[in-house]
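Try each task yourself, then follow the solution step by step.

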Amino acid sequence: MTRQIILALAISWPGAALAALDAEPEFIAARSALADGLGSVAALKAERLLGDGSKRSKDETATLAAMAVEGWLRAKDGQRALSILDKHKIQDDPFWRGLALMKLERLEEAEATLRKCDKSSPMAERALMAIAQIEMAGGRDGAARKEVKDLRNSQDTDIARRARLLYNELELEVPRIEVVADRLSKEKDNSEPGPLAYLRARVAMEQGDYPSARKGLTALLKTSTGGMRLHHAATVLLAEVQRRSGKPTEASKILLQFLEKTTNSDFSNEAFETLSRARDAEQRKDITPLPSAVLDWIADSTAPQRQAYALFLAARWLSRQDRKAEAAGLLEALLAIAPGHRKESETMRLLMEIYGGLNADQRVLALSQSWRKNYGGGASSEVDFVTGKILFSRTEYGKATDLFRSAAELSSNLADRRRALYNAGICALKAGEVALFQTLLAQLQNVSTDPQPRPTSGETAEDLELDRALEMAAKGTNGAERELERFAQENPNHPRRAEAKIAQAEMALLDVPARVKAAEEALADAEKQPNLTEHLQQRIAYTRLWASEAVGDLKTLTQIGLGFLKKWPEAPLAAEIRMKVADAYFRMEDMANARTQFEIVALDYPDSPYADTALFFAGRAAMVVGGADSLNTAIEIWEELADRGGPLAFEARHQQAVAKRREGSETEALKVIESLLTDTKVNTDMRRSLICEKAEILQLLGAKDPKLLEEAVKTLGQLAAEKNLPFDWLARASSERASALRALGKPDEALEACYSIVQKADYDHPGTPTEFVWFYKAGFLAVDLLVEKQQWEAAARTAERIAQTSGDRATEAKDLATKIRLDHYLWDETK
């Protein structure tokens, strides 16, 4: 049975309270909370007194800090206890700091700190007890016994009694059952009978006296003695008694109830281990379903420790049901969400076992390396060939080459030697070792000419030569196309000749400009090869699709793509090809078909990298179609995409706002925009754009509620006031603000906003199309405002100022200035 350490170190607040503190109600309440077992309440009250600004003596401050530390330790919050210790100096700091580190499971650091305790301190013996517990947790029982042996005779009767009980608990692990039983019979219950009753029940169980053990534990659990930790230990021990006495179902029931009520216990590991053994003992693991409670715990992230144990238990059950992939998924999740968990080592070992059966060599190697590093296990017993495959998958080609060469030398038959030499040649090729490749190619040619029957393809010297040509093509090496053609000419009947021709076609399409005719000729040649596999047929069709795209023949692209999908709906390339077809329809502005194809990608291939993008463009296509139904569809599509939380979720929500605005639901659009603005990860330009969109919507709604116009003015004013704001954003914010001010009946303020942009353009000339758009909007609005005020001269001059720019509306501004002057006889005034 897994060892259970039941004796938690007793801690108590040292020193008497000071008279000044005894008079404070909050201090009295804190002390009462500590006495009632409400450690966190006591700690919070003590911290509040420390920070209330009252002038306190050094001793008062130390007393309050000590109370806060003990409170947090009782609440099992080592981090907050450390925080207090770092801020305040209290008596016996090493002792309290060591306990805090124990709570954080920083055991080596805790032991080193506890050993710094002053040996003359009242806490020195308690520190030794704590050190013994650390040693027990690390499996150093001999050292732990040495620590507590002398403490059994301590003058502190409480320490002496606890030391004797702890020593006996350690002796049970030797095991010295009869010796411990004799000692326990001489112990007196005194004021704390719980630990003694537990150890007596433990002895009875080890002696096979299950009725006595069950009776003692049942009685103990009905009392309040010993505290929560002892009751947890007793519950788990009672389940173990039931299991050993042939009642595994009863044991499982006890443990499931315990784990359901207790989300974070020092005995969770022992409880789950005992539960696993109890279920195995039921001898119905092939038909017994996993308890529903375990599934509930997996889904409950609020209790991470229990969740991790439940994941491991469920994974082990799935593995025994031969549901290896599902088991691996749960174990990988456990490693990800609970690094350093007590089950981590077992999790890694079980994963290596599962992945080994699934031929997931790369993951096996990664796990074995991590496990050896963290837990000091021995190396894997894999042969050189398997290890070489793993290293090859990790692109460690040099090391893989050495292992495959070694495997070839150790091979007991020519087939294995040929396979190892072929793999070594591939690795040498990948590593760029040309001379070594030639050596291995020569060795493989010698093996391939052996009278022993040899394969027609796959591991011959000819295959290795083709692989070299394909590697050259993949890297764009000069001469690759020539080598591919040479292979095709010299090996007219080779089963892999079609691969060479397809690669030639791909290289022709990669040329600039693409050599589409040459590609078509190579594909036609490849198509004539006998016994083409489905994979090669698909590659030929896919390359033809690529050729259509290269010449911009979108209609042919859709025809080839749909033909491919009809013939091979489950092909690995199906999602990509469906996406290309959808994109072609979109580019041809056939939005109905585009939307249909995009939605099929999202629905049929939800796990592909194209799913979210397809859903996004399905919404875009629906938007382009227009109409109320299409807008509602677009909104629904983007809502689904936003709910997925992927990289396009933010833009999907933004498009929702655009669609709602287009359908006239400005209020809903405004809510979406405001929610987007709360995202702290949004980039600067997008944030500015959202602010402007918000202001535009406020202006639309402001037609009925002037307060919203005021809000728009304020929002745009804040944006315009940003330091070092680029001209295009400043011009946009100012022109939109001017429009809002105009709608509020504040033409002078609106004119001022426009004028600031026209004036700024004199020394910060607009240059980009976007800058010109907003500059002209501000400028022409300024002219309109001046015309409304019948300030003809100013209006004409402003128009002439605009006309001096180089943008696409300069002529329009010049014509406007001329018209104003002609209409109002202003020529003489300008001379």
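**Exercises on a predicted model**

Helix 32 is followed by E589, which has a positive phi, near 65 degrees. Keep in mind that this is a predicted model.

**Exercise 1.** Find out why the distance between the end C-alpha atoms of helix 32 agrees with its number of residues.

*Solution.* Start with the residues: helix 32 runs over 574-587 and has 14 of them. The expected span is 1.5 Å times one less than the number of residues. At 1.5 Å a residue, helix 32 should therefore span 20 Å. Its end C-alpha atoms are 20 Å apart, so the two agree.

**Exercise 2.** Decide whether helix 32 is mostly covered or mostly open, and look for what covers its buried residues.

*Solution.* First count: 11 of the 14 residues in helix 32 are buried, so the helix is mostly covered. Next, name some of them: A574, I577, R578 and F586 are among the buried residues. Finally, look around: the cover includes helix 30 (534-550), helix 31 (554-567), helix 33 (591-604) and helix 34 (611-625).

**Exercise 3.** Is K501 buried or exposed?

*Solution.* Locate K501 in helix 28 (residues 497-510). Buried means under 20% relative accessible area. K501 has 7% relative accessibility, so it counts as buried. Now check its contacts: beyond neighbours within four places in sequence, K501 touches E485, A488, A522, D525 and A526.

Definitions and conventions: Residues numbered from 1 in each chain as written. Predicted model: local features only at pLDDT ≥ 70, side-chain atom pairs only at ≥ 80, totals over all residues. Heavy atoms only, no water. Helix = DSSP H or I, 4+ residues; strand = E, 2+ residues; numbered from the N terminus. Buried < 20%, exposed > 50% of the residue type's maximum accessible area, 1.4 Å probe, protein only. Contact = heavy atoms within 4.5 Å.
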